[in-house]
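Please look at the two chains shown below before reading on.

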Amino acid sequence: MKIFNIIMGAFLAVGSSSIYAAPITELGSPEGELNIVAWAGYIERGETMEAFDWVTSYEKSTGCNVKVKTAGTSDEMVALMNQGGFDIVTASGDASLRLIAGKTVQEINTDLIPSWGTIDERLQDAVWHTVDGKHYGTPYMWGSNVLMYNTEAFGGEVPDSWNVVFEEQTLADGQSNKNRVQAFDGPIHIADAAMYLMYHNPSLGIKDPYELTNEQYQASLDLLRQQREIVGRYWHDAFMQMDDFTNEGFVASGSWPFQVNLLRPNVPISSVIPKEGATGWADTTMVHADAENLNCAYLWMEHQLSSNLQSDLAAWFGAVPVVPSKCVGSELLGPEGCKINGIDNFDKIYFWKTPVASCKTQESCVPYYKWVTDYIAVLGGR
Amino acid sequence: MNNFLDSFSNFAFRNKNFIFLSFLIIPLLWLGVVYLGSLLIFLGHSFFHLDGFTGQIVYEFSFKTLLELFSSPANIDILIRTVVLAACVTIGSAIIGFPIAYYMAKFTSPKVKIFLFIAIMLPLWSSYLVRVYSWKLILAKEGIINWFFEKLNLEWLLDSILSTPVIGGPSLSISYIGMFLVFTYIWLPFMILPIQASLERVPNSLINASHDLGANKRQTFYKVILPLALPGVIAGSIFTFSLTLGDYIIPYIIGTSKFFIGQAVYTHQGTAGNIPLAAAFSLVPILVMVIYIYCAKRMGAFDAL
């Protein structure tokens with residue numbers, strides 16, 4: 001019992017210290033170290049490919065040595081941050097609100113980030129990092145899923161609708177699309193179906209593809225069951241999808257700009273964001289409530305906006321910089337890079353978030369764990 | 001202090017069991033607490049359930065999750081799909097593995113035997129993922145098998161095989177046939193080696209005696225060799241069967257994206273946080289294996305151990 005009390009006491013002490021912490025108003029001298037939790041490929045120091053390096057310059061100018069812990073899923077990121085010992089995290093839309101609600105991250109003072117004003121205005125107050133007017137992070141990078149298609153199979157025409165992956169039809173090359181299209185095998189793909197129905201079946205009243213009532217949800221599942229008939233294999237891994245488009249005769253699928261960029265030299269491939277819109281992701285750098293290296297963390301948030309990070313990471317990942325001015329003048333990204341990766345499509349993008357039962361746009365919604373069970377059933381042909 | 005050490009060493013010398021236990025306690029704790037303990041806690045979760053509204057785990061004893069597992073047709077599909085494929089892979093491995101093991105045990109010189117051993121073990125030295133990925137390329141629509149059939153003008157044959165309902169598909173790598181081939185390839189060594197070991201132990205004198213008593217080759221095989229080698233076949237089948245039951249990587253790479261038990265466990269506990277259902281799913285292979293091993297024991301598979 002004693003031990004239990006001590007442990008609980010420790011938790012409470014940690015909790016109380018962060019609850020009342022207001023953001024700092026002045027920067028001190030750098031601590032010499034920065035611990036980051038990040039997605040794989042997000043923090044590159046030229047070790048994977050020499051040209052892609054946005055850490056060395058930061059270390060040189062600030063004296064903060066960067067240590068990175070990569071995480072594979074949002075759940076993993078939340079767990080690592082709860083464990084503690086890290087200063088910042090590159091959180092996606094589904095993790096960021098959880099971290100704020102759990103008081104794991106602290107409010108930041110945007111005045112201490114000189115380049116804050118250069119951030120895309122549409123992202124400065126985005127709902128996934130701003131709560132009650134308080135900022136809990138600095139936008140890092142965003143990107144969208146795209147419809148990747150084989151230009152030969154489509155006879156040089158650009159498909160303008162996701163229907164090529166949802167409904168059986170004859171393509172421009174005279175063959176059916178059956179067994180030649182793919183879809184993502186994660187349950188979040190249900191949102192893509194909901195987004196499609198939002199456009200084509202307004203009577204369902206879908207307002208947000210991540211917030212579905214039971215009726216809207218069932219309609220989406222029906223669409224996915226129909227899709228199962230024409231999808232030979234779902235994709236799960238970026239490199240396996242690239243192999244499928246090269247060796248397996250697949251011609252259309254929802255995909256990431258990453259695959260499109262890598263495939264384009266060898267396969268007649270192009271991509272488009274169709275009229276229904278697309279799903280996407282937006283990541284935010286957030287600071288741990290008990291960050292030991294707070295000054296280095298602030299310096300990093302400035303660095304991420306002002307350095308070559310934005311343009312080079314966008315090129316590396318097939319994503320879009322949160323600082324639009326970084327789109328020009330980068331060799332790695334190229335003059336058309338931002339356009340290819342989708343900067344003009346911001347308004348058509350439904351950013352990824354975890355479906356929860358208590359939702360804003362409907363009375364009550366189908367939660368994520370149901371999505372998982374039902375999507376497995378759909379893949380199994382049920 | 002010296003006194004204490006003296007009496008301690010005397011005590012330890014007189015009580016052999018004490019020494020024995022103190023050496024064994026660490027591995028026993030490892031097996032008991034770290035391994036079995038965590039496994040039992042995990043499996044115990046199958047008696048909890050997920051609250052339908054909040055998605056939180058409800059820590060109350062109930063059979064809701066197990067009922068959910070066995071009442072949903074999608075879940076039953078997953079169970080049947082996995083068990084049937086595991087059985088087919090086991091039978092396939094036995095049919096391919098037995099002649100190889102028989103040849104190794106009875107007809108080779110020691111040098112050739114060592115060569116064959118290495119040939120069988122060699123694939124196990126390279127990464128499992130690399131081997132599965134290369135099979136994906138071999139089986140692909142533009143892979144070598146298709147190319148081979150094309151060169152022989154036998155595409156019609158491959159097409160007609162692939163148009164078989166249920167097991168067929170648009171290409172070899174997107175069908176149950178492909179999954180069967182890859183699983184059989186991956187687990188075959190685990191079938192050959194136990195069979196080979198059990199065939200080694202069949203005395204040649206028994207085979208000679210069988211011939212002397214007038215049995216022809218076929219009779220000798222079915223009445224003498226096979227029964228004596230059966231424990232090896234069953235030991236091998238336990239490997240191939242249980243390994244196929246639990247695998248979740250091959251179904252992600254080869255096949256039609258329909259889920260298998262391993263994937264269901266992975267997805268439910270990993271991204272969905274539905275640990276009760278994941279635990280219930282993982283109970284099934286354990287139950288199937290218990291029944292299987294019980295039957296094998298009844299058949300005398302472990303008598304020779």
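Predicted model: local features only at pLDDT ≥ 70, side-chain atom pairs only at ≥ 80, totals over all residues.

Is strand E7 of chain A mostly covered or mostly open? It is mostly covered, since five of the five residues in the stretch 146-150 are buried. The covering applies to both faces of E7(A): A:Val146, A:Met148 and A:Asn150 are buried on one side, while A:Leu147 and A:Tyr149 are buried on the other.

## Chain A as a whole

The secondary structure of chain A comes to 14 helices and 13 strands, and buried residues make up 50% of its 382 residues. A compact globule with 382 residues would have a radius of gyration near 21 Å, and because chain A has 22 Å, the value agrees with that expectation. Along its principal axes, the C-alpha trace of chain A spans about 65 × 55 × 35 Å.

How far apart in sequence are the residues that come into contact in chain A? Among contacts between residues at least 6 apart in sequence, 71% join residues that are at least 24 apart.

## The two domains of chain A

Chain A is divided into domain 1, made of residues 2-143 and 281-345, and domain 2, made of residues 144-279 and 353-379. The C-alpha centres of these two domains of chain A lie 30 Å apart, and the contact between them takes ten residues from domain 1 and ten residues from domain 2. On the side of domain 1 of chain A that touches domain 2 of chain A, helix H4 (93-101) and helix H13 (337-341) of chain A each supply at least two residues. Sorted by class, this side of domain 1 of chain A has three nonpolar, six polar and one charged residues.

## Chain B as a whole

Chain B, in turn, has a secondary structure of 14 helices and two strands, and buried residues make up 31% of its 305 residues. For a compact globule of 305 residues, the radius of gyration would be near 19 Å, but chain B has 25 Å. A box taken along the principal axes to hold the C-alpha atoms of chain B is roughly 85 × 70 × 35 Å. Of the contacts in chain B with a separation of 6 or more, 69% are between residues 24 or more positions apart.

The domain assignment of chain B gives domain 1, residues 2-47, and domain 2, residues 72-298, and the C-alpha centres of these domains of chain B lie 38 Å apart. Four residues from domain 1 of chain B and six residues from domain 2 of chain B take part in the contact between them. The side of domain 1 of chain B that touches domain 2 of chain B divides into two nonpolar, two polar and no charged residues.

## Where the chains meet

Between the chains, 32 residues of chain B are in contact with 24 residues of chain A. Helix H4 (73-106), helix H6 (128-139), helix H12 (250-253) and helix H13 (261-270) of chain B each supply at least two residues of the side that touches chain A, and H4(B) gives the most to this side, with four residues. By class, the side of chain B that touches chain A has 14 nonpolar, 13 polar and five charged residues.

## The largest nonpolar core

In soluble globular proteins, nonpolar side chains tend to be buried together. The largest nonpolar core here has 168 residues, of which A:Ala194, A:Ala297, A:Leu313, A:Ala314 and B:Phe281 touch the most other members. Helix H9 of chain B, residues 176-200, provides the largest share of this core, 15 residues.

What surrounds A:Ala314, one of those core residues? Leaving aside its neighbours within four places in sequence, A:Ala314 is in contact with A:Met141, A:Ala319, A:Val320, A:Pro321, A:Leu333, A:Gly337, A:Cys338 and A:Asn341.

Conventions
Residues numbered from 1 in each chain as written. Chains lettered and ligands numbered in written order. Domains from an automatic or database assignment. Contact = placed C-beta atoms within 7 Å. Nonpolar A, V, L, I, M, F, W, Y, C, P; charged D, E, K, R; others polar. Rg over C-alpha atoms; globule rule 2.2 N^0.38 Å. Buried ≥ 20, exposed ≤ 12 C-beta atoms within 10 Å, placed from the backbone. Core = buried A, V, L, I, M, F, W, Y, C linked by C-beta atoms within 7 Å.
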